[in-house]
Amino acid sequence: MDWITTVDHKKIAILYLWAGGFFFGIGGLEAILIRIQLIKPMNTFLDAQTFNELITMHGTTMIFLGVMPVIFALMNAVIPLQIGARDVAFPFLNALGFWTFLFGGLLLNLSWVMGGAPDAGWTSYTPLSSTTYSATHGVDFYTIGLQIAGLGTLIGGINFLATIITMRAPGMSYMRMPMFAWTTFITSAIILFAFPAITVGLVLLTFDRILEANFFNPLTGGNPVLWQHIFWIFGHPEVYILILPAFGIISEVIPTFSRKRLFGYSSMVFATILIAFLGFMVWAHHMFTTGLGPVANALFSVSTMLIAVPTGIKIFNWLFTMWGGQVRFTTPNLFAVGFIPTFTMGGVTGVMLASAPADFQFHDTYFVVAHFHYVIVGGLVLGLFSGLHYWWPKMFGRMLSETLGKWTFWTFIIGFHLTFFVQHFLGLMGMQRRVFTYLPNQQFDTLNLVSTIGAGLMGVGMLIFLWNIFITSRKPADAADDPWEDGRTLEWTIPSPPPEYNFKQTPLVRGIDAFWKEKLAGHKSMTPSEPVGSIHMPSATILPFLMSVGIFIAGLGFMFSRDTFGSDVLSFLFNNYIVTALGLVITFGSMLMRSLFDDHGWHIEPEELEGR
Amino acid sequence: MMKTWQAGKRLLPMTAALGLLLAGCGREDLSVLRPQGPAAESSFDLMKLAITIMIVVLLIVYSIAAYVLIRFRRKPGQREIPEQVEGNFKLEVIWTVIPLILVVILAVPTVKAVFAAGNDHSNDKNAVKVKVTGHQYWWEFEYTDYGVKTAQDLVIPAGKDIAFELSTADVLHSFWVPSLAGKMDTNPDGTVNRFSFSAPNEGVYRGKCAELCGPSHGFMEFKVKSVSEAEFEQWLASMKAPAVLPEDPQLAETFKSACLSCHAIGDGTMGSGPSLAGIGSRESVAGILLNDDTGVDGAPILDNLKTWLHDPQSVKPGNYMPDPKKDLGLTDEEIDGIAEYLAGYTLD
Ligand code: HEM
Ligand SMILES: [Cu+2]
């Protein structure tokens with residue numbers, strides 16, 4: 001009950017982590033099945049339809065439901081602490097964002113048991129995703145599930161923007177903000193501008209499918225290429241939504257374990273902003289073979305290549321952060337150090353893809369599969385592992401086992417390169433992506449076998465990580481405030497895990513790496529910027545949960561509104577939009593409750609604070 | 001500009017070495033890395049340039065990383081605080097400018113090649129015009145200047161430019177012959193994509209569909225057969241010759257009523273299925289059952305036809321051909337008879 005009603009950012013972080021982990025597990029299982037099917041030519045382990053459903057759900061799940069929530073988990077756990085705040089700006093909305101995300105994700109995955117998963121690829125290109133060519137409810141689960149989950153992401157993004165703009169501790173100017181706070185800020189801004197595009201696209205596609213609208217139907221004057229534009233105007237920034245937080249994590253971990261401040265802080269900030277900006281200008285590089293013409297292709301080629309410049313700045317700044325430092329190979333830092341060469345590989349193949357005439361060959365082949373897995377897995381997932389190991393003691397008060405952490409690192413990264421490095425060559429040798437099997441004697445066999453073995457090894461790495469979490473959770477919660485001893489930012493100044501109110505007194509920030517600065521000056525703790533006083537706390541509430549349940553029911557009702565059911569009662573309920581209405585009543589009813597009954601929250605009094 | 005070019009030139013030896021190395025990868029009739037025509041070569045040249053630049057970048061990053069990680073490990077007992085360096089303006093400018101230069105080196109030839117690839121030959125009198133239509137899950141080729149339609153095997157005269165017009169009858173597909181040229185989508189909105197390539201060397205090249213188009217997307221393959229000018233003329237002539245029906249009149253009747261409702265032979269109007277004219281001379285049945293009498297890469301055409309006709313769904317899941325036995329009511333003997341007829345229906 002406590003977990004369903006919580007509005008505390010630290011608990012919501014943990015909710016995001018478990019939910020993200022759960023979906024990540026499903027996506028991982030799907031990946032393993034895909035790789036088993038491709039282990040040899042003309043394999044019959046899976047049939048073609050199931051395979052297409054698996055690739056669609058694997059991509060969709062991983063991007064929207066697997067890594068995004070883990071990113072949000074870390075942001076929720078860390079951002080308020082890093083900027084010296086007591087919570088996010090809108091704790092109620094924070095809970096709402098989580099629950100809509102969770103119920104959207106559940107809805108999407110219900111498709112496995114309710115008559116067919118989406119099968120048109122995670123990009124859902126029309127007309128393949130239209131009812132004519134994808135007749136099950138699969139793609140409806142996709143559009144409606146993602147719509148609901150996307151709502152949560154948008155809410156979360158806006159919340160972080162507001163939090164970072166308004167709730168920084170005294171003295172923390174923008175140019176004193178930790179890098180992870182910066183990348184969270186920019187990521188949230190990208191979410192704010194990119195998610196409305198997919199929202200609109202999903203609405204249009206939903207209307208095409210459920211209300212027989214004709215936005216994308218060529219037979220009635222619709223334009224399928226329009227979907228590609230809408231999708232990628234969201235979809236390209238989305239990959240920066242994913243990678244920027246990883247950049248932020250790496251920028252925290254490397255300085256800590258090099259005992260040096262981040263090299264070129266202001267150029268890092270500048271590069272982050274530039275990447276975000278360019279990220280919006282390059283969507284059509286996913287569409288070089290669509291036939292946009294040489295002018296568009298040339299422009300999008302060159303603008304894409306430009307992203308290499310700010311990215312290069314970041315990589316060299318990380319390397320020079322370590323230069324002259326004292327590098328410690330803790331598990332978080334192993335992942336951060338492994339991130340640099342791996343992500344660089346993904347970056348350089350990105351530049352290769354940016355050259356349109358070369359992309360005519362790369363596009364939709366395993367080369368592209370290799371490229372984006374180097375960025376997303378080799379970049380983001382390594383970054384997330386780094387961040388999770390790094391902040392685990394802060395989130396849970398327990399240190400993960402270093403030995404098991406190192407095992408996780410080595411099995412995972414070796415498995416990763418085995419899986420994906422060879423795929424570059426598969427693509428160049430003529431293997432297209434999204435094929436459920438391939439003919440023998442094309443010289444694809446050995447490399448596919450290697451790739452599948454690698455995937456298995458990555459799976460082992462994941463299992464070791466889970467085992468690590470399991471045995472750690474059985475140990476006493478006795479982590480130190482600053483368990484890595486070289487913590488530089490504010491989260492390391494308070495207990496692990498932090499009390500409900502985070503900071504008894506809001507700290508005064510006197511420079512970049514505020515805590516480190518105090519330590520150098522010989523202080524053990526931050527100088528407070530206020531006397532101990534009564535702390536205002538928001539009340540727990542079940543309303544966000546109820547609102548999301550309502551949207552979930554409404555979505556299901558809408559999706560099945562045109563079906564005929566075996567039972568008359570069901571047909572009556574669905575066909576007359578009664579189920580939809582019921583769901584909306586729950587949601588709007590909860591909103592009404594929220595507006596009518598003012599809840600002023602409660603206070604923690606100074607006596608109580610001192611009494612601890 | 002001059003400078004850029006010189007930097008590019010310095011990369012040339014490495015490009016050449018790389019080219020040799022990569023050219024060992026994959027089959028000649030399939031691999032992007034073993035281009036067999038000018039269009040694929042232009043892509044390959046850019047790829048070599050890009051890979052070279054990128055390997056240089058990787059080498060730099062990896063050597064710095066290796067140096068740093070070895071040299072600056074924390075030694076036991078090290079307690080003093082390292083100097084907290086803010087940054088270094090000069091260094092930061094250097095690693096902003098160098099990538100910029102590298103980008104320019106790659107961008108200039110890229111833009112050139114983009115516009116070169118945009119050159120279409122649709123008004124070129126010497127080019128052979130082919131209208132390509134993608135279907136779930138087969139390819140239709142119409143030679144508009146000659147009034148000939150065929151499927152699955154694209155026969156072209158070696159060395160001549162082929163001007164393509166790409167469209168689709170249903171969902172998006174993407175037309176791709178890796179060793180001859182990059183891919184191009186077939187769009188369903190009436191916009192026709194044009195591009196062209198040529199195959200100077202005679203031979204058979206493997207083509208693929210590169211855009212997810214349904215369950216049998218992976219099986220939507222085709223062959224490009226580059227033949228001499230004379231052979232091409234001959235092929236055209238025999239494609240235009242009157243259709244040949246099975247000799248046995250009863251079988252002919254069955255074939256007409258069961259198969260020709262969708263398929264065409266000769267210059268008959270095309271239904272929803274691929275043309276079967278001269279199918280005995282094709283490289284494959286259904287694009288993926290490779291006809292090969294030696295049995296190394298496939299099976300003899302008769303076996304392949306029987307495999308297909310006895311169960312089209314198991315060969316290409318989700319395809320739209322009715323099952324001859326179950327849906328069209330043909331007996332096993334009739335099916336085998338039709339298979340024998342089709343296997344013998346060759347072009348001279
Ligand atoms: C017993 C009569 C039939 C025979 C002998 C026959 C034969 C064939 C053959 C040999 C192929 C492979 C063609 C190739 O390699 O290009 C094929 C494919 C096909 N046939 Fe038929 N066919 C018959 C009936 C039909 C009918 C009635 C339809 C239409 C409803 C049809 C629709 C198709 C389609 C759509 C394909 C393409 C499948 C793909 O490759 O995705 N066929 N047929
Ligand atoms: Cu396809």
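How many salt bridges are there between chain A and chain B? In this predicted model, in which local features need pLDDT of at least 70, side-chain atom pairs count only at pLDDT 80 or more and totals for chains, interfaces and linings use all residues, side-chain values use heavy atoms, with hydrogens and water left out. Residues are numbered from 1 along each chain as its sequence is written, while chains are lettered from A and ligands numbered from 1 in the order in which they are written.

The count between the two chains is two salt bridges, a salt bridge being a side-chain nitrogen of Lys or Arg within 4 Å of a carboxyl oxygen of Asp or Glu; one joins the side chains of D486(A) and R74(B), at 3.6 Å from N to O. On the side of chain A that touches chain B, 51 residues are nonpolar, 30 polar and 11 charged, where Ala, Val, Leu, Ile, Met, Phe, Trp, Tyr, Cys and Pro count as nonpolar, Asp, Glu, Lys and Arg as charged, and the others, Gly among them, as polar. In total, 92 residues of chain A are in contact (heavy atoms within 4.5 Å) with 89 residues of chain B.

The iron atom of ligand 1 is coordinated at 2.0 Å by H263(B), through NE2, and by M321(B), through SD, donors being N, O and S atoms within 2.8 Å of the metal (3.2 Å for Na, K and Ca), and water is not among the atoms, so sites may look incomplete. The six donor atoms subtend angles of 81 to 179° around this iron atom, and the arrangement is therefore octahedral, a term applied to six donors if opposite donors are over 155 degrees apart and all others between 65 and 115.

Conventions: Four donors count as tetrahedral if all angles lie between 85 and 135 degrees; four count as square planar and six as octahedral if opposite donors are over 155 degrees apart and all others between 65 and 115; anything else is irregular.
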